[in-house]
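Biologist: Please pick one part of this model and look at it closely. Then place it in its chain and in the whole assembly.

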Amino acid sequence: MLSGVNVAISNVATGQVLEDERRDSSGRLVVGRLVPGAYELIVYTHESLTNMDPEHGVAIHAFDLLLTMSVRLLREETLGGTSGSARAAVPVELLDYSQSAYGGGQPHVKETDNATPLVIPAEELKCFKEYLPLPESLDSRAQFGPLDLSETFYVPTTSYYSHEISFTARPGQDALRIFIAKANSKVALLEASSRTLLA
Amino acid sequence: MSARRSTSTPELAQKQADGLRCQAVDLPSSLNTHRYLLGLNGAQKDFHFRESYRVDHLWHNQAHKVAFKLQEPSVIRIVAPVHRHLEFELVLNQDFGPYSHKTVLTAKKEDYHSTIFAQLAAGEYHLKLAFVSDAALLQLPCQTVQLEMAVMTVSNAKLRAEAMKAAAPQNAPETLTLSRLFLSSPSGPLTLYKHAALGWRHVEPGLPPYVDQRELYVEILREGFEVSEEDDAGLDIEL
């Protein structure tokens, strides 16, 4: 809440830098297809300039960093295309640059594994880039106290669609307000185990 | 050429008007509302929003003020990503009555961002956005500036720091590697926790020492990777 972390990828050959789209407490960078070549991924933040004077007994001395991060390989699935090729695993080679292995020549392949790509239909990619998908759970957002969320989410459908968002009410979280703007949607609040309709 | 009568129906006209209407909210004149600082029973609540605010209705060269009242000692953070066309300064002032104020902090350009971070005592304050760009740019239809604003009471900030420590998995590493992120992210995000990872610099408005922007940059992760033609892949990175 009181600091921001950014992510960027830089194309080594062209110097082009793609930066993330920051939201309240998160950042997101989606690239449909990366041009073959070398890149650098950079996650960074900044120290703050502040009026807080260490000689006057300030409450905060340094910030801890708690960062949750995912980097998923993504493939675009075109309509009528062969879904098998889009869903095929992406081989990830871990290279060894250590002096003994590198020695000035080409780095050695230390390990090879397969990463499962996230497959996105081409029609959804624009929405996926600009908006967040509806979350599966609110628990991680509410773990530090009150939840105050205002965001535009996208729903990947043109027909009937139902989505459930789970959350665990913590002590002190005894009221809930949900407001949906400009949507032909309905919201229902259910108790998770009994599926009792609460509102 | 002949003039033709418009055939648009009231519904179509409304639809067209909705398309032309600016979706961005006006820059607030006060944060003392339920959207921001006002919690239940009038108590102060924390907030954190990043939003594009409409500024095309503001007068050129007339600084816009956002007033707020803190009931408790609080920490405040305001980030204004540098605008492509508009230039403006952020100034945080403490009010001492209607005609008297003291500047607490002026935003510094920090790696394409203007940021204010301050610890404030209870009292009345106002944030000033002083536009220095040409009026024609400010008054372009639906011209907006993006602001990330967060206020948290000092007591909650301390509690949250403790909660962060408790929430971090016991075995959370201090660094992450890209190969681990590529391979493990499909089954869920990875967590990094680093104690006292970030510091801060004390400055007084208008007084030395002046801090070079580049000194504030802190790198958490930098790793190279190479994409081949056969990969035919993109990336989805979430923080």
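Modeller: Helices (H or I, at least four residues) and strands (E, at least two) are DSSP runs, numbered from the N terminus. In those terms, B:H34 lies in the loop between β1 (25-26) and β2 (47-54) of chain B.

Some ground rules come with it. The model is predicted, so local features need pLDDT of at least 70, side-chain atom pairs count only at pLDDT 80 or more, and totals for chains, interfaces and linings use all residues; pLDDT is the predictor's confidence in each residue, from 0 to 100. Residues are numbered from 1 along each chain as its sequence is written, while chains are lettered from A and ligands numbered from 1 in the order in which they are written.

Confidence next. The model scores ipTM 0.79 and pTM 0.75. Chain B has a mean pLDDT of 82, with 87% of its residues at 70 or more. Within chain B, strand β3 (residues 64-70) has the highest confidence, a mean of 93. Strand β7 (residues 108-110) of chain B has the lowest, at 60.

Burial is a count of neighbours. A residue is buried if 20 or more other C-beta atoms lie within 10 Å of its own, exposed if 12 or fewer, and partly exposed in between; C-beta atoms are placed from the backbone. B:H34 counts as exposed because it has 10 other C-beta atoms within 10 Å. The C-alpha atoms of B:H34 and B:K165 are separated by 30 Å, and these residues are 131 apart along the chain. B:K165 takes us to α3(B), where it is one of the exposed residues.

Which residues of α3(B) are buried? They are B:N156, B:A157 and B:R160. Seen down the axis, the buried residues of α3(B) fall within an arc of 100 degrees, so they line one face of the helix. The arc is that of the directions from the helix axis to the C-beta atoms. On the other side of α3(B), B:S155, B:E162, B:K165 and B:A166 are exposed.

What does the buried face meet? The buried residues of α3(B) pack against β4 and β10 of chain B. Contact here means that two C-beta atoms, placed from the backbone, lie within 7 Å. Strand β4 (residues 74-81) of chain B is itself mostly covered, with 7 of its 8 residues buried. Two strands pair if DSSP finds at least two bridges between them. β4(B) pairs with strand β10 (residues 144-153) of chain B in the antiparallel sense, over 6 bridges. One bridge joins B:I78 to B:M149 in β10(B).

Step back to the chain. Chain B holds 4 helices and 14 strands. Of its 239 residues, 29% are buried. In chain B, 77% of the contacts with a separation of 6 or more come from residues 24 or more positions apart. Chain A has 4 helices and 12 strands. Buried residues make up 17% of its 199 residues. In chain A, 50% of the contacts between residues at least 6 apart in sequence join residues at least 24 apart.

Then the interface. Chain A puts 72 residues into the contact, and chain B puts in 78. On the side of chain A that touches chain B, β7(A) gives the most, with 14 residues. That side of chain A has 39 nonpolar, 18 polar and 15 charged residues. Ala, Val, Leu, Ile, Met, Phe, Trp, Tyr, Cys and Pro count as nonpolar, Asp, Glu, Lys and Arg as charged, and the others, Gly among them, as polar. Strand pairing also links the chains: β4(A) and strand β14 (residues 234-238) of chain B run antiparallel over 4 bridges. There, A:V31 has B:L235 as its bridge partner in β14(B).

Last, a backbone check. Most residues other than glycine have a negative phi. B:A196, in strand β11 (residues 190-198) of chain B, has a positive phi of about 45 degrees although it is not a glycine. B:A196 is exposed, with 10 other C-beta atoms within 10 Å.
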